[in-house]
Amino acid sequence: EMSGIKMFMAGLGTETNTFSPIPTGYNSYAETSLYFGDATRHEPNLFGATVHRWREMAEANEDEVIESLCAFAQPAGPTVSSVYEAFRDRILDDLGKALPVDYVLLSMHGAMVAEGYDDCEGDLAARVRKIVGAETVIGMELDLHCHTTAAMTENCDVIITFKEYPHIDILDRAVELFEVCRRAAAGEIKPMISVYDTCMIDVFFTPVEPMKNFVAKITALEGRDGVLSVSVGHGFPWGDVPGMGTKVLVVTDDAREAGDRLAAELGH
């Protein structure tokens, strides 16, 4: 007996150093993590752990799960254009065949660049939105070394980044993204994303002060006063693209103005 709610999930990511002379090709994905719709039938690796957790949680809710591509490569230079397009189009093709879906969960990096595409995350999100329409919930989990662009925030309902660097909370954030998106798909909440650009480029370690306390502060804000999630996209300084930089992302329940104010306050 299914709940009648259908979830679609996929993963596609790499951290792109645009200054690197080593392009990221098909083999870079194949030797790191490349599954065509069956990642959850294999032992979870660092990159596939997120979709494993999403499937477990969706099935616990008796939701139907449609699983698409899960492809990740080690950090290097821009992904070869034809490789990115083939992976992206595989996801979009699977999505088109799965319609209608109630929510879409994407595990990405946030700093992926391909030849001809400065913003792979925004490109994929915009194309997913075109296929599913305005009502379907789209959520994205990102590494905190991400770029943040209008294409990403306008086409996703929820964006949540890791809070910790080193990355010890990937699965905690996967759970958080699932819960917010599932509640939105069920009509309980209406997530909205607010972004504040600090105009900073830096590297921030979270186990030490002052970031340690800042992460504790943003975590404490979540789950009250309409605040669903707070993330800091630290940015990836080695990606020479327009969306680069350190930004604060606040996801509220239908309270964008309050979210904008909080994001600015935290950014300052």
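Tutor: Helices (H or I, at least four residues) and strands (E, at least two) are DSSP runs, numbered from the N terminus. The model is a predicted one, in which local features need pLDDT of at least 70 and side-chain atom pairs count only at pLDDT 80 or more, while totals for chains, interfaces and linings use all residues. Residues are numbered from 1 along each chain as its sequence is written, and side-chain values use heavy atoms, with hydrogens and water left out.

Student: In which loop is Asp225 found, and is Asp225 buried or exposed?
Tutor: Asp225 sits in the loop between H7 and strand S8 (227–233), and its phi is near 55°, a positive value in a residue other than glycine. Buried means under 20% relative accessible area, exposed over 50%, and partly exposed in between (1.4 Å probe, protein chains only). Because its relative accessibility is 73%, Asp225 counts as exposed.

Student: What relative accessible area does Asp254 have?
Tutor: Asp254 belongs to the loop between strand S9 (247–253) and helix H8 (256–267), and its phi, a positive value in a residue other than glycine, is near 55°. Asp254 is classed as partly exposed because its relative accessible area is 46%.

Student: Which residue is joined to Pro210 by a cis peptide bond?
Tutor: Pro210 is placed in the loop between strand S7 (191–197) and H7. The cis bond there has an omega of about 5°, and the residue that it joins to Pro210 is Glu209.

Student: Which residue is joined to Pro166 by a cis peptide bond?
Tutor: Pro166 lies in the loop between strand S6 (158–161) and H6. With omega at about 10°, the cis bond joins Pro166 to Tyr165.

Student: What does helix H6 reach from its first C-alpha to its last?
Tutor: Helix H6 (residues 170–185) has 16 residues, and its buried residues include Ile170, Leu177, Phe178 and Cys181. The expected span of a helix is 1.5 Å times one less than its number of residues. For H6 the expected value is 22 Å, and the helix comes close to it, reaching 22 Å.

Student: Is Ser107 buried or exposed?
Tutor: Ser107 is in strand S4 (residues 103–108). Taking contact as heavy atoms within 4.5 Å, and leaving aside neighbours within four places in sequence, Ser107 is in contact with residues including Leu12, Trp54 and Glu141. Because its relative accessibility is 7%, Ser107 counts as buried.

Student: What relative accessibility does His147 have?
Tutor: His147 is located in the loop between strand S5 (137–142) and helix H5 (150–155). Beyond its neighbours within four places in sequence, His147 has contacts that include Gly110, Met152 and Phe236. His147 counts as buried because its relative accessibility is 3%.
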